[in-house]
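Colleague: Hi! Could you walk me through this one as if I were new to reading structures?

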Amino acid sequence: MIETLLEGKLVYLGSFDPEGDAEVESVWTHDPEYTHLFLMEPARPLSPGQIRKKHQAEGKADQERFFFSIRKREDNRMIGLVVLDWINWPSGYGRLALVIGDPRDRGHGYGSEALQLLLKYAFTELNLSRLTAFTFEYNLVGIHMLEKAGFLIEVRQRQAINRRNQRWDLLVLGALKEDWQNMVQGVQPG
Amino acid sequence: MSASLLYGDHIRLAAINAERDAEAIARWTHDSEYWRLLTSEPLRPQSQQRIKDDLEKENPKNDAYVFGIHTITDDRLIGFVALDDILWSHGHGWLGIGIGDPSARGKGYGTDAMRVILRYAFEELNLYRVSLNVFEYNQRALSVYLKVGFTEEGRMRNAIHRDGRWWDIVFFGILKPEWEINRG
């Protein structure tokens with residue numbers, strides 16, 4: 001059981017290598033679609049050096065942030081990132097964010113599996129009781145993926161996002177540990 | 001004077017002066033009732049020195065506007081109000097407010113300050129939307145937010161554990177066109 005905590009059938013969660021992996025993440029940021037799907041900030045290409053600095057700045061509070069690369073099992077290639085942050089230990093909640101960098105790696109179930117791994121990690125290793133995720137109303141694939149994993153849309157921040165000359169809602173989704181357990185039990189008969 | 005952007009009927013917004021204000025702000029952090037209305041962080045009293053250091057930090061991201069709330073009659077510091085986590089490209093910011101002085105609560109100062117900071121957000125910063133959230137047990141704040149024109153947009157279930165039970169965090173938002181209508 002313990003050995004498979006971070007390992008799925010297709011992907012596993014690993015560390016982030018500030019050298020090679022920063023090069024890969026830098027390539028992703030050159031596609032505005034990437035930023036529009038996953039990030040709040042304006043699209044902005046970042047060099048590997050800027051990526052390294054960003055991670056250094058974010059990575060200070062050790063117990064409040066758990067950051068992983070998502071890698072394909074067959075060739076160890078990094079295809080995405082996933083982070084648990086904003087952790088509040090007394091109330092047992094955290095925020096989850098997940099990206100799949102290259103459009104060609106989307107739509108294969110990698111993100112769904114990585115999400116399942118992270119949920120298992122959050123609820124059984126960190127013993128959190130609640131996770132929150134933010135997404136945009138136009139990211140239908142992301143919303144579906146979160147709902148499939150047991151998340152509910154809890155808040156709709158009307159017109160909080162301005163992109164492509166149009167305003168969009170920002171959605172806040174939440175999963176309690178029970179939601180996740182019910183989902184997992186539903187998948188495994190008995 | 002009362003027509004000024006930073007003045008309400010009974011309060012005005014002013015810069016927080018680290019030297020002068022740290023003593024009062026440090027005192028508020030020792031008040032568990034205040035703390036529990038304000039933040040989900042565990043209660044942790046702060047020294048004057050710590051408060052002063054925090055206040056003097058730069059805001060290199062240029063994403064926050066923080067003010068002290070002063071009574072007009074005696075210019076006493078009674079609380080703070082802030083717009084932060086501003087995302088300029090979306091015209092979106094988060095509002096936070098605290099009335100630290102217990103004798104100033106329940107007197108309408110918070111409502112007054114909310115009206116001033118919303119005018120500042122929409123007319124000075126030209127934001128399109130202001131968001132805030134509040135713990136479901138903070139009934140006084142919930143009614144103030146509705147009164148000044150916010151709309152409830154949902155609840156994060158079981159987001160905070162206090163006094164042996166779970167509470168929701170309630171989200172509110174107001175858009176510039178709603179504020180304009182509301183202002184009459």
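Modeller: Happy to; we can go from the whole model to single residues.

Colleague: Great. What scores does the model get?

Modeller: This is a predicted model, and it scores ipTM 0.91 and pTM 0.92.

Colleague: And what pLDDT does chain B average?

Modeller: Chain B averages a pLDDT of 94, and 98% of its residues score at least 70.

Colleague: How many helices and strands are there in chain B?

Modeller: Chain B has 6 helices and 7 strands. Starting at the N terminus, the order is β-α-α-α-β-β-β-α-β-α-β-β-α.

Colleague: OK, and what about chain A?

Modeller: Chain A has 6 helices and 7 strands. Along the sequence its pattern reads β-α-α-α-β-β-β-α-β-α-β-β-α.

Colleague: What radius of gyration does chain B have, and what would a compact globule have?

Modeller: A compact globule of 184 residues would come out near 16 Å, and chain B has 16 Å, so the two agree. Its C-alpha trace spans about 45 × 40 × 35 Å along the principal axes.

Colleague: Now the radius of gyration of chain A, please. How does that one work out?

Modeller: For 190 residues, a compact globule would be near 16 Å, and chain A has 16 Å, which agrees. The C-alpha trace of chain A spans about 50 × 40 × 35 Å along its principal axes.

Colleague: How much of each chain counts as buried?

Modeller: In chain B, 36% of the 184 residues count as buried. In chain A, 33% of the 190 residues do.

Colleague: And what share of the contacts comes from residues 24 or more positions apart?

Modeller: If you take the contacts with a separation of 6 or more, residues 24 or more positions apart account for 58% in chain B. For chain A the figure is 57%.

Colleague: Let's go inside. Which residues have the most contacts in the largest nonpolar core?

Modeller: That core has 80 residues. Those with the most contacts inside it include Ile70(A), Ala114(A) and Leu118(A) from chain A, and Ile69(B), Ala113(B), Ile117(B) and Leu118(B) from chain B. Helix α4 of chain B, residues 109-124, gives the most to this core, with 8 residues. Apart from it lies another core of 6 residues, among them Ile25(B), Trp28(B), Tyr34(B) and Ile51(B).

Colleague: Which strands pair with β7(B)?

Modeller: Strand β5(B), residues 129-135, pairs with β7(B) in the antiparallel sense over 7 bridges. In that region, Val134(B) has Val170(B) of β7(B) as its bridge partner. Strand β6(B), residues 151-162, also pairs with β7(B) in the antiparallel sense, over 8 bridges. There, Glu152(B) stands opposite Phe172(B), and Thr151(B) stands opposite Gly173(B).

Colleague: Switching topic: how many residues does each chain bring to the contact between A and B?

Modeller: Chain A brings 21 residues and chain B brings 21 residues. On the side of chain A that touches chain B, the elements giving two or more residues are β5 (130-136), β6 (152-163) and β7 (166-176). The largest share of that side, 9 residues, comes from β6(A).

Colleague: What kinds of residues are on that side of chain A?

Modeller: They divide into 9 nonpolar, 8 polar and 4 charged.

Colleague: Last one: where does Arg44(A) lie, and is it buried or exposed?

Modeller: Arg44(A) lies in the loop between α2 (32-38) and α3 (48-58) of chain A. Arg44(A) counts as exposed because it has 11 other C-beta atoms within 10 Å, and the cut-off for exposed is 12 or fewer. Arg44(A) and His30(A) are 14 residues apart in sequence, and their C-alpha atoms are 7.1 Å apart in space.

Note on methods:
Residues are numbered from 1 along each chain as its sequence is written. Chains are lettered from A and ligands numbered from 1 in the order in which they are written. This is a predicted model: local features need pLDDT of at least 70, side-chain atom pairs count only at pLDDT 80 or more; totals for chains, interfaces and linings use all residues. Two residues are in contact if their C-beta atoms, placed from the backbone, lie within 7 Å. Helices (H or I, at least four residues) and strands (E, at least two) are DSSP runs, numbered from the N terminus. Ala, Val, Leu, Ile, Met, Phe, Trp, Tyr, Cys and Pro count as nonpolar, Asp, Glu, Lys and Arg as charged, and the others, Gly among them, as polar. pLDDT is the predictor's confidence in each residue, from 0 to 100. Two strands pair if DSSP finds at least two bridges between them. A nonpolar core is a set of buried Ala, Val, Leu, Ile, Met, Phe, Trp, Tyr and Cys residues joined through C-beta atoms within 7 Å. A residue is buried if 20 or more other C-beta atoms lie within 10 Å of its own, exposed if 12 or fewer, and partly exposed in between; C-beta atoms are placed from the backbone. The radius of gyration is taken over C-alpha atoms; the globule rule is 2.2 Å times the number of residues to the power 0.38.
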